[in-house]
Every structure is written in structure tokens, then in C-alpha cells.
Amino acid sequence: MAYRRAVSIAEAFKSSGTVTVRGWVYRKRELKDKIFIVLRDSTGILQLVFARGTEAFNVAQRLNLESSLVATGLIKEEPRAPGGKELHVQSVDWYYEGAPYPINEDAAQADSEYLLDVRHLWLRSRKMQAVLKIRHTVFGAIHEYFRSRGYYEVQGPMFITAAVEGGATLFKVPYFDDVVYLTQSSQFYLEAFIFSLEKVYTIAPSFRAEPSRTRRHLTEFWHAEAEMAWYHLDDLMKVNEELISHIVSKVLEERLDELKLLGRKTEPLEAVKPPFYRVSYDEAVDILKAKGVDIKWGDDLGADEERILTLQFDKPIQLYGFPEKVKAFYHRNDPQRPEVTLSVDVLAPEGYGEIIGGGERIYDEKELVSKIERFGLNPKDYQWYIDLRRYGSVPHSGFGLGVDRVVMWIAGLDHIRDAVPFPRDIRRKYP
Ligand SMILES: NC(=O)C[C@H]([NH3+])C(=O)NS(=O)(=O)OC[C@H]1O[C@@H](n2cnc3c(N)ncnc32)[C@H](O)[C@@H]1O
Ligand SMILES: [Mg+2]
């Protein structure tokens with residue numbers, strides 16, 4: 001099987017003489033006496049030249065975009081070819097013609113809904129290939145950060161029985177003769193793990209029945225969550241800064257080619273180093289008012305407010321001290337200012353906004369039950385969660401990082417669905 005002796009395109013560029021390469025037809029141009037095919041694989045692209053009068057030329061004439069092939073030929077310098085080299089094909093050792101490809105070279109600028117309909121094919125595009133490689137690096141950096149600092153990776157269940165982030169965005173699932181919900185966040189389970197492992201993290205899907213199609217909301221998203229026993233808000237804010245800076249530095253270290261291919265300016269990412277700006281909710285309201293935003297203390301900040309805020313700063317902001325009523329019940333109230341919580345969101349710069357939500361948790365049993373009731377919830381629905389406070393409770397903090405939103409920001413994408421291989425939102429559940 002000829003493709004067993006093939007080398008990657010990246011290796012072919014380092015070779016001289018005769019090599020065998022394998023991949024897919026990315027571009028094809030037929031001239032009078034030559035056919036140029038740009039071959040694509042997971043490492044890059046290489047121009048193949050087929051001379052009229054050869055058997056290889058006859059095969060090349062039959063190939064479509066995305067036909068797969070194995071070819072052997074002579075590597076030669078050619079400054080006009082991508083990467084400065086091309087392969088003069090002596091033989092096509094294997095090929096799969098396939099049908100005419102439904103995404104032609106022009107369609108690549110086509111309607112975004114169409115490219116979503118054929119996302120299972122569009123994954124092959126150089127843009128998606130670059131995003132997937134950045135995504136790979138982001139996931140790896142998250143694991144690397146936590147594992148190098150003594151966190152244990154754990155897994156919570158996907159079927160749950162009570163809302164973490166409000167009942168309005170729960171997906172109900174039939175469960176034999178009962179019903180359950182898809183998890184909105186693994187947080188409560190991480191809070192159970194810390195009494196055994198103290199510092200834990202997970203990267204898992206979370207599900208939110210988001211009724212609106214926005215540029216940063218999905219109904220299924222990848223959620224990196226961590227929980228730390230004994231940590232208070234300032235300890236948590238340090239972890240936020242270190243984690244995000246680590247992720248960005250790994251992408252800058254490993255994925256510069258992909259960032260360049262996406263046209264992403266890297267200067268804003270190079271500024272992402274601790275300490276981040278720390279802005280209180282009070283200060284944020286003052287800044288927004290000064291910018292002419294119609295906001296009063298106690299209002300939640302939406303995407304527009306976050307965008308205006310982030311454009312005032314040149315790196316991420318840790319926005320802390322949200323009013324009690326704009327945060328979920330589990331947030332611990334500030335003992336010095338009971339109307340605010342010991343919460344923190346991290347807003348990515350350049351208008352991207354919230355990428356992390358977290359804070360200190362209520363760790364006193366009576367305080368938790370009273371707040372659950374004050375929020376109009378039924379303590380019975382949170383019995384096991386309350387139990388965690390009944391036996392040896394400790395101060396603890398945690399957060400959730402939206403991995404897809406981080407990829408969207410770092411890759412400089414306009415829409416979160418371009419950061420995800422198979423995005424899901426209210427109008428998209430296929431392919
Ligand atoms: N362990 C924790 O403390 C996490 C906490 N229970 C939680 O879920 N917070 S969050 O709702 O702000 O969501 C956390 C992050 O999760 C992301 N997120 C949150 N919702 C979405 C949707 N719908 N789509 C994409 N990304 C989303 C976003 O970056 C948020 O900052
Ligand atoms: Mg949030």
C-alpha cells in the first residue's frame with residue numbers, strides 16, 4: 001500500500017529528491033500542458049505539478065476538489081508555489097475520485113448557514129483546521145495548568161435533578177417513568193469532591209436552553225470548572241489570571257501559524273499576563289454611566305455593557321462584587337456589604353466579554369438554607385447540596401470557564417459557532 005511509505009506535507013518540505021505524499025485535493029488548476037493541484041493534509045499544503053502526456057496527468061484530470069490521493073515525485077524549489085517548493089509528480093500511486101465537492105472554491109465565502117449545514121465537510125477547510133488546532137491547544141493547556149498544580153480531574157453526572165444556574169435554561173429529559181435535566185454546570189458535584197480531594201477540576205459539556213441566538217451563546221458548550229477548598233475570592237482571582245494567561249501563552253507558543261492564517265492580531269494576546277485589571281461592579285457602573293449607558297446600580301451587565309467596558313482596558317478584567325440579585329443563590333454574600341456577593345466574572349478584552357463566572361460559595365448551612373428560601377427555591381430540591389454544609393464545611397471557591405468562548409476570543413472569531421466543530425443553538429441541531 002503506497003500510502004504507507006508517504007510522508008506528511010510538513011516532512012516533504014524538509015525533504016529533497018523523490019518523496020511520496022498523501023492527502024486531499026484542496027485547489028486544482030488545469031492549463032494547456034500542466035495541471036496544478038494543491039494537496040492538503042493535517043500539516044499543510046503542497047503544490048503538485050502534473051505534466052501533460054503522463055498517466056498521472058490523466059488521473060489528475062479526473063480528480064475533484066477533496067479527491068484523495070497518494071503521489072510520488074521530485075521535490076523542487078519554486079518561489080511562486082506555496083511555501084516555495086512543489087512536487088513534480090511521477091506517479092499517482094492511489095486515489096479516490098469521489099463525487100464533485102459541494103463547497104467549491106468560491107462557496108468558501110458562501111452563506112454561513114450553508115457552511116453550517118455542511119460543517120461535517122467544512123471541517124476540512126483551512127480555517128476550521130486552524131480553529132480545531134487552537135482548540136486542541138486550549139484544552140491541553142487547561143489540563144496542563146490544573147494537573148501541574150495538584151488538582152484532581154473528576155467527573156460529575158450529566159443527568160441532574162435541580163438547576164444550578166436558574167430553571168429557565170434547563171433541558172428536561174424523560175428518565176424512564178421520571179424526568180431529569182441536562183447539567184448546566186458540574187459545580188455542585190465539584191463542591192462535593194473537594195471534601196475528599198480539596199482541589200478538583202473537570203472539562204465537560206454543559207447544556208443551557210438558551211432561547212436566543214447570540215454570538216456567544218450555545219445550547220451545548222464545553223465547560224472547564226474548578227473548585228478549591230479553603231480558597232477565598234482573592235485566591236480564586238489569582239487562579240483565574242494564571243489559568244487564562246497560561247492558555248494564551250500556550251496558544252502563542254504553539255499556534256502562531258494558525259493565528260496568522262486566521263488573520264488574528266497577536267499583540268492583544270501578548271498583553272495577557274497577570275495581574276489583570278480588577279474592577280468592582282460599583283466602578284463598572286460608574287464607568288458605563290460616564291460612557292452614556294443607561295444603567296443603574298443593581299442592573300445585570302449584558303453583552304453590550306461588557307463590550308463597552310472591555311474596550312476601556314487592554315487586557316482581561318476581573319469584575320467582582322456583583323449585587324446579590326444578579327447572581328445565583330449559592331454565591332456567598334460579602335459579610336461587610338450583604339447587598340453584594342463575593343463573586344467574580346472575567347471579561348475578555350476587545351469586546352469579547354464574559355469567559356469566566358465564579359466566586360466564593362456559601363459554606364454555612366443555615367446561611368445557605370435561608371438564601372435558598374429567600375430566592376424562592378425549595379431546600380428539598382437541594383438536600384444533598386445542603387448536606388455538604390452539615391459535615392465539616394469549609395470556605396471554598398470555584399469558577400466555570402467557557403472553553404468555546406475562550407477559543408472564540410483567542411482565535412479572534414466573530415461568532416462562537418465558528419469556535420465549535422458542531423455548534424448547537426436554538427435553531428441548529430444538525431449535522
Ligand atoms: N463552576 C462554576 O462556578 C460555574 C457556574 N456554576 C456557572 O455555570 N457560571 S456561568 O453560568 O457564568 O457559566 C460559566 C461560564 O460558562 C460560559 N457559558 C455560560 N453559558 C454559556 C452558553 N450558553 N454558551 C457558551 N458558553 C456559556 C461562560 O464563559 C461563563 O462565564
Ligand atoms: Mg456568568
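Contact here means heavy atoms within 4.5 Å. This is a predicted model, in which local features need pLDDT of at least 70 and side-chain atom pairs count only at pLDDT 80 or more, while totals for chains, interfaces and linings use all residues. Residues are numbered from 1 along each chain as its sequence is written, and side-chain values use heavy atoms, with hydrogens and water left out. Let's start with a helix pair.

**Helices α10 and α11**
- Ala284, Ile287 and Leu288 of α10 meet Glu305, Ile308 and Leu309 of α11.
- Five of the residues in this contact are nonpolar, one is charged and none is polar.
- α10 (residues 281-290) and α11 (residues 303-310) pack at an angle of about 85°, and their axes are 10 Å apart.
- That angle makes α10 roughly perpendicular to α11 (a term for 65 to 115 degrees).

**The largest nonpolar core**
- A nonpolar core is a set of buried Ala, Val, Leu, Ile, Met, Phe, Trp, Tyr and Cys residues joined through side-chain atoms within 4.5 Å, where buried means under 20% relative accessible area with a 1.4 Å probe, protein chains only.
- The largest such core has 50 residues, and among those touching the most other members are Val138, Ile244 and Trp409.
- Helix α7 (233-254) gives the most to this core, with 10 residues.
- Beyond its neighbours within four places in sequence, Val138 is in contact with residues including Ile247, Val251 and Ile410.
- Another core, of 30 residues, lies apart and includes Val25, Val89, Val92 and Leu115.

**Helix α2**
- Ala56, Phe57, Val59 and Ala60 are the buried residues of α2 (residues 55-62).
- These residues fall within an arc of 160° seen down the axis, so they line one face of the helix.
- They pack against β1, β2, β3 and β5.

Terms used. Chains are lettered from A and ligands numbered from 1 in the order in which they are written. Helices (H or I, at least four residues) and strands (E, at least two) are DSSP runs, numbered from the N terminus. The arc is that of the directions from the helix axis to the C-beta atoms. Axes are lines fitted to C-alpha atoms, for helices over the stretch in contact, and angles run from 0 to 180 degrees between N-to-C directions. Angles under 35 degrees count as roughly parallel, over 145 as roughly antiparallel, 65 to 115 as roughly perpendicular and the rest as oblique. Ala, Val, Leu, Ile, Met, Phe, Trp, Tyr, Cys and Pro count as nonpolar, Asp, Glu, Lys and Arg as charged, and the others, Gly among them, as polar.
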